[in-house]
Amino acid sequence: MNTASTSEPYAHAEAMRQRIHRLSLMLAEMHQDQSPLVLLGIQPRGVYLAQRLQAAWKSHMPTASLDFGVLDPTFYRDDFNQSKVLIPEATQLSFSLENRRVVLVDDVLFTGRTIRAALDAVHTFGRPEWIKLLVLVERRFARQLPIHPDFYGWSVDAFEGQKVRVHWAEHHGNDAIWIENKS
Amino acid sequence: MPQLSCHHLLGIKALTDADIELLMSTSAEFYNVLQRPIKKVPSLRDKTIANLFFENSTRTRLSFELAEKRLSADVINFSASGSSLSKGETLLDTVNNILAMKVDMIVLRHSSPGAGIFLAKHLPRFKHSAQARIINAGDGTHEHPTQALLDAFSLQQSLGPLAGKKVALVGDILHSRVALSNMLLLQKMGVHVELCAPPSLLPKGIEKLGVRISHSLDQTLQRVDAVNMLRIQEERLNVQHFPSAYEYHRLFGLNMERWERLQHKPIILHPGPVNRGVELDGRLADSANSIILDQVQHGVAVRMAVLYLLGQQSTADTGIHFN
């Protein structure tokens, strides 16, 4: 059983690197030459993970192509008119997803609502052959919708009042996973 | 978390630099949505929007209606002809009646300058109307903010960042709400604005707004990156401001002879509808330098951004939660 702590990171940079490497190998197992995978990073923090997966993929699958995109599900969310105005971020997807094999990538899977919105957003680009979900951290027993990851780095039990934060070197200066008490 | 600083979009004047940046970036995302196979998003599915057009319009009304439908809002349309206006109902009564039917937002086109400002001032007194959001779709000769926003968005798409760029507004500045809104917005975005018109079509004291004034289209064209050719508003011309359409075209119209003399050719904008052969030669309206139809396409994205940002705000900042 994983326990929550707020004094030091739940996972450090090296552990993150290893798990991301392992996840990229799992993706590689699904590769088929005739239908390259599409890796879709969900804005904002899923994009960092998707970029790391893409880099790891290139190191052990140098000749196999992988299509990459960035998806912002803001317009498809179900929490309009709640507490704050939702501002969109960029979607970068220059190709159709019709009949493609799509892997949605996010940092933390919590209630499942972001993924539900992302599934709606994906379908505006066509009807994929299938969609799978990859997350770095899965929060167990926290789902409000029947959505579960196909691949995950960690599965953690965090209390309802806690927040799981993934820090990325590109944004925060260093890689780490923190489980924090909400202030 | 950013949001617009205003509750209504009544004019460009009230917008902050942060508002403009947020509107431009949100417009860019909606422009991307409009390129997808499925162009509709569910964002405003719980909103009802009334388009109140007390004055004729084709592209603005269709553009707003399409923007609303792309956002999944419910839409009702009202035009002055065939309404109870002829029975003597006031503007405030008409709008209050429509808002009493649980309408959330009003898109208003009216021939009286300040019609939207008047509504924004008086609606809060009425319990059915206090939460309504108003978007000015053109009020007389005053402002047409969404047109200015879509012009600026189109300029950005063609020229890149606008700070330091030179843009001319040519023609009927006196009667043009597009001109005033454009002037205010472009200046806020750091553009050097030049007005080119016969003295009879320039408002008195306009130079106090910090714009350059020119009476020679040939000289103006040599200086600018883009030229916005305004329509001669014949419906608002109750006195003769120039001798004839032919003479206007010769002196202030963008014609082929003038165009071919130019070494650096600017991009051409027009808010529509175009009077071909008066302010703009038809061949130039259809040329590669013209972005007139891009403006129309961008208009839907820009109006989606305005409706999206104001539509969410209408309940988000009042603490009313429906689910």
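The legends below describe close-up views of a predicted model. Local features need pLDDT of at least 70, side-chain atom pairs count only at pLDDT 80 or more, and totals for chains, interfaces and linings use all residues; side-chain values use heavy atoms, with hydrogens and water left out. Residues are numbered from 1 along each chain as its sequence is written, and chains are lettered from A in the order in which they are written.

**View 1. The two domains of chain B.** Chain B is assigned domain 1 (17–143 + 299–316) and domain 2 (146–296); such bounds come from an automatic or database domain assignment. Taken over C-alpha atoms, the centres of domain 1 and domain 2 of chain B are 27 Å apart. Contact between the domains (heavy atoms within 4.5 Å) involves 24 residues of domain 1 and 22 residues of domain 2 of chain B.

**View 2. The largest nonpolar core around Leu149(B).** A nonpolar core is a set of buried Ala, Val, Leu, Ile, Met, Phe, Trp, Tyr and Cys residues joined through side-chain atoms within 4.5 Å. Buried means under 20% relative accessible area, exposed over 50%, and partly exposed in between (1.4 Å probe, protein chains only). The largest core has 111 residues, of which Leu149(B) and Leu307(B) touch the most other members. Helix H11 (residues 292–316) of chain B gives the most to this core, with 11 residues; helices (H or I, at least four residues) and strands (E, at least two) are DSSP runs, numbered from the N terminus. Domain 1 and domain 2 of chain B each supply at least three residues to this core. Beyond its neighbours within four places in sequence, Leu149(B) has contacts that include Leu9(B), Leu185(B) and Val306(B).

**View 3. Asn51(B) in strand S1.** Asn51(B) sits in strand S1 (residues 48–53) of chain B and is buried, with a relative accessible area of 0%. Its side chain makes a polar contact with the side chain of Asn77(B) (2.9 Å). A polar contact is a pair of N or O atoms within 3.5 Å; within protein, one must be able to donate a hydrogen and the other to accept it, and residues adjacent in sequence count only if both atoms are side-chain atoms. Leaving aside neighbours within four places in sequence, Asn51(B) also contacts other residues, among them Phe64(B), Glu68(B) and Val107(B).

View 4. His175(B) lies in the loop between strand S5 (166–170) and helix H6 (177–188) of chain B. His175(B) is buried at 9% relative accessible area, and its side chain makes a polar contact with that of Asp172(B) (3.0 Å). Met189(B) is in the loop between H6 and strand S6 (192–196) of chain B and counts as buried at 15% relative accessibility. Residues touched by Met189(B), not counting those up to four places away in sequence, include Ile20(B), Ala152(B) and Leu162(B).

**View 5. The largest pocket.** On a 1 Å grid over the protein atoms alone, a cavity is a set of points where a 1.4 Å probe fits but cannot get out, and a pocket is an open set with protein on both sides within 12 Å along at least five of seven lines; lining residues have an atom within 4 Å of a point. Grid points are joined across faces, edges and corners, and a volume is the space filled by probe spheres set on the points. The largest pocket has a volume of about 1300 Å³. Of its 41 lining residues, Pro44(A), Arg45(A), Arg77(A), Lys84(A) and Thr114(A) lie nearest its centre. S6(A) gives the most to this lining, with six residues.
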